[in-house]
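Trainee: Could you walk me through this one, starting with how the strands sit together?

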Amino acid sequence: MSAVLTIPHRTPGGLVLNPNPQRQDWFDEPETHRTVEAERRYRQERLAGAFRIFAKYGFDQGLAGHITARDPELPDHFWVNPFGLHFSRVKVSDLLLVNARGEIAVGRGPLNRAAFAIHAAIHEARPDVVAAAHTHSLYGKAWSSHGRKLDPLTQDSCVFHEDHGLFEDFNGVVYETDEGARIAEALGPRKGVILKNHGILTAGPTVEAAAWWYIALDNACHTQLLAEAAGTPQPIPHAMAALTHEQIGRPGGAARAFDALWQGLVESEPEVLQ
Ligand SMILES: [Zn+2]
């Protein structure tokens, strides 16, 4: 390569321009080559941080809520928050590793039975899913009472265009894995599901994607609630919504959005990594 290309170009007005201003696609999937140990630690750090980020968004209603991350070595085990520990206080060392029978393989409980009943079924039904998130956040919960899927009302809402399901069969607290399996069925291959009269759930190929899509889905619910309360919103036509979904609905973009939050969290609350 010519040395000339690596010398920053200074404009007469004092700007220093990149020597190689090639286009970078922000939605490309990052390449990862981590050892099992490094991948486990990576997922644990993002998972612990996701709880604290959720707390900042107000997704911390009572004892409800769980985010899980599949273990990279033991794919039928997942990491989860202990029951009763406030989201804002979760550290890596607090996370529980739960096996396929709902037993705690690593860490000290207690385990939320609903977390196991819902998430075990999703991790089993979707081998591509590394992480799943579910809480009783206000807007997801309010929207869920309509028993309807979201419309593509805005650019941001298109992330979920034809990419979320609806589970209409509310049966009280989910304590049985067969109900978890039916939720997994309603989720299908999609990134989220609205649980009628209950709340919302998201799933993705990384902790970052599942967590960001949760934030985005709650926001899309909030948006549609506001828009419909104010009048009759006009959805984006299907073809344009589908194009926008393809543009901004991929996991790489979600990971970057989450990472921006996670980096700030780790800087202000470094104990999350303990
Ligand atoms: Zn719930």
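**Sheet, crossover and loops**

Trainee: Which residue of β10 is the bridge partner of I194?

Mentor: Start with the strands: β9 covers residues 192-195, and β10 covers 199-204. Four bridges join β9 to β10, and the two run antiparallel; a pair needs at least two bridges found by DSSP. Helices (H or I, at least four residues) and strands (E, at least two) are DSSP runs, numbered from the N terminus. Within this pairing, I194 is partnered in β10 by I200.

Trainee: Before we go on, what pLDDT do local features need here?

Mentor: Residue numbers start from 1 along each chain as its sequence is written. This is a predicted model in which totals for chains, interfaces and linings use all residues, side-chain atom pairs count only at pLDDT 80 or more, and local features need pLDDT of at least 70.

Trainee: Which strands are at the edges of the sheet?

Mentor: It's an open sheet of eight strands with mixed pairing, ordered β6-β5-β4-β3-β7-β10-β9-β8. An edge strand pairs on one side only, and here those are β6 and β8.

Trainee: What hand does the crossover from β8 to β9 have?

Mentor: Strands β8 (residues 164-167) and β9 run parallel, joined by four bridges, and H164 has G192 as its bridge partner in β9. The chain gets from β8 to β9 through helix α4 (residues 177-187). Now point the strands away from you: a path from the first strand over the helix to the second that runs clockwise is right-handed. This β-α-β crossover is right-handed.

Trainee: At about what angle to β8 does α4 run?

Mentor: α4 lies across β8, β9 and β10, where contact means C-beta atoms, placed from the backbone, within 7 Å. Angles go from 0 to 180 degrees between N-to-C directions of axes fitted to C-alpha atoms, for helices over the stretch in contact. For α4 against β8, that's about 140°.

Trainee: Is E162 buried or exposed, or in between?

Mentor: E162 is in the loop between α3 (138-144) and β8, and its phi is positive, near 50°, though it isn't a glycine. Buried takes 20 or more other C-beta atoms within 10 Å and exposed 12 or fewer, with partly exposed in between and C-beta atoms placed from the backbone. E162 has 13 within 10 Å, so it is partly exposed.

Trainee: Which residue does a cis peptide bond join to G109?

Mentor: Look in the loop between β6 (104-106) and α2 (113-125). Omega is about 5° at the cis bond, and the partner of G109 there is P110.

Technical notes: Two residues are in contact if their C-beta atoms, placed from the backbone, lie within 7 Å.
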